[in-house]
Amino acid sequence: MTDLDRLQGAANRTELAASRKLALQQQLPLAEALRITLAASAGAAGLPALLAERAALRESERARALARRSARAASLALRQARHAGTPTAWRAWFDGSARPNPGRCGIGARLLGPDGQLIELSQSAGYGNSSEAEYLALIAVLEAALANGARELTVYGDSRVVLDDVAAPERKCAAALQHYRARALALLARLPGTTLRWVPRHKNLDADALSQRASSPPLLASDAIST
């Protein structure tokens with residue numbers, strides 16, 4: 001690192017601007033102008049002490065930034081691990097939507113079995129908000145799993161609200177969703193070994209498309225294109 005680099009690294013924006021102005025006014029090399037400006041900032045402590053202090057601050061900030069990046073990487077790995085893992089015999093995906101929110105609700109779900117079974121659900125679910133629609137989609141796919149004798153089931157969804165609510169202790173669950181939670185838990189009790197996993201939205205596109213289709217208003221005759 002050159003002397004100029006070291007001085008520029010130690011200076012803040014105000015000191016850099018003042019040093020450039022000084023260099024222009026007095027026809028000084030920028031390094032010399034920086035030294036004068038920083039010495040004035042250092043005062044009685046002296047320039048070497050100021051440079052050492054700011055170098056330590058920069059190193060501390062680099063360490064904190066590295067720690068933040070490491071924490072983000074660890075958090076990402078944990079989130080990915082939650083919806084990774086060995087595929088189970090039965091797998092399901094669910095999603096719910098409301099247009100607007102609250103509004104017309106639609107639910108969508110897919111259930112895949114070990115012998116090629118495929119059950120798709122795309123149903124209107126009345127009027128409500130998106131969390132209610134998500135819960136109804138989960139309930140519908142659990143009912144389908146139970147009806148088809150599913151075992152070793154993993155259910156994937158992108159609704160943290162619903163998945164966190166199902167897993168929460170009774171005292172911490174959402175009061176407005178209590179009825180839906182009770183229905184979901186009753187079904188899960190009849191499907192031992194079932195696992196609920198969160199997935200990002202882009203890994204739940206099929207269920208999303210089914211729910212969006214169900215929540216769309218019906219096509220009116222006047223809207224149809226004649227051929």
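Predicted model: local features only at pLDDT ≥ 70, side-chain atom pairs only at ≥ 80, totals over all residues.
The protein has eight helices and five strands. Read from the N terminus, their order is α-α-α-α-β-β-β-α-β-α-α-β-α. Of the 227 residues in the protein, 38% are buried. Here is a tour, grouped by topic.

**The loop between β1 and β2**

- The peptide bond from R99 to P100 is cis, and its omega is near -15°.
- P102 is also placed in the loop between β1 and β2, and the peptide bond leading from N101 to P102 is cis as well, with omega near 0°.
- These bonds deserve a second look, because most peptide bonds are trans.
- Which residues does N129 contact, leaving aside its neighbours within four places in sequence? They are A98, N101, P102 and C105.
- N129 itself belongs to the loop between β3 (118–128) and α5.
- Along the chain, N129 and P102 are 27 residues apart, yet their C-alpha atoms are separated by 4.0 Å.
- N129 has a relative accessible area of 28%, so it counts as partly exposed.

**Residues with a positive phi**

- Most residues other than glycine have a negative phi.
- Q27 has a phi near 55°, a positive value, and it is not a glycine.
- You can find Q27 in the loop between α2 and α3, and its relative accessible area of 68% means that Q27 is exposed.
- E152 is another non-glycine residue with a positive phi, this time near 50°.
- The loop between α5 and β4 holds E152, which counts as exposed because its relative accessibility is 54%.

**How the helices at the start of the chain pack**

- Two packed helices are described by the angle between their axes and the distance between the axes.
- At what angle do helix α2 (residues 13–26) and helix α3 (residues 30–42) pack? The angle is about 130°, and the axes are 8 Å apart.
- That angle is why α2 and α3 are described as oblique to each other, and their crossing is right-handed.
- On the α2 side, the residues that meet α3 are E15, L16, A18, S19, R20, L22 and A23. Their partners in α3 are L30, A33, L34, I36, T37, L38 and S41.
- By class, the contact of α2 with α3 is made up of nine nonpolar, three polar and two charged residues.
- Helix α1 (residues 3–10) also packs on α3, with axes that come within 9 Å and cross at roughly 40°.
- At that angle α1 is therefore oblique to α3, and the crossing of α1 and α3 is left-handed.
- D3, L4, L7, Q8 and A10 of α1 make this contact with L30, A31, L34, R35 and L38 of α3.
- Sorted by class, the contact of α1 with α3 has seven nonpolar, one polar and two charged residues.

**The nonpolar cores**

- In soluble globular proteins, nonpolar side chains tend to be buried together.
- How many residues are in the largest nonpolar core? There are 30, and L138 and L153 are those with the most contacts inside it.
- Elements that each supply at least two residues of this core are β1 (90–99), β2 (103–112), α5, β4 (153–157), α6 (160–167) and α7 (178–189).
- Helix α5 gives the most to this core, with ten residues.
- Apart from this core lies another one, of eleven residues, including A11, L38, L47 and L51.
- Setting aside neighbours within four places in sequence, the contacts of L153 include T88, W90, L111, L142, A145 and L191.

- S131 is part of helix α5 (residues 130–147).
- Is S131 buried or exposed? The cut-off for buried is under 20% relative accessible area, and S131 has 18%, so it counts as buried.
- Not counting residues up to four places away in sequence, S131 touches V161, V162 and L177.
- Across the protein, 66% of the contacts with a separation of 6 or more are between residues 24 or more positions apart.

Note on methods. Residues numbered from 1 in each chain as written. Heavy atoms only, no water. Helix = DSSP H or I, 4+ residues; strand = E, 2+ residues; numbered from the N terminus. Buried < 20%, exposed > 50% of the residue type's maximum accessible area, 1.4 Å probe, protein only. Contact = heavy atoms within 4.5 Å. Axes fitted to C-alpha atoms, helices over the stretch in contact; angles between N-to-C directions. Parallel < 35°, antiparallel > 145°, perpendicular 65-115°, else oblique. Left-handed = near helix turned anticlockwise from the far one by under 90°. Nonpolar A, V, L, I, M, F, W, Y, C, P; charged D, E, K, R; others polar. Core = buried A, V, L, I, M, F, W, Y, C linked by side-chain atoms within 4.5 Å.
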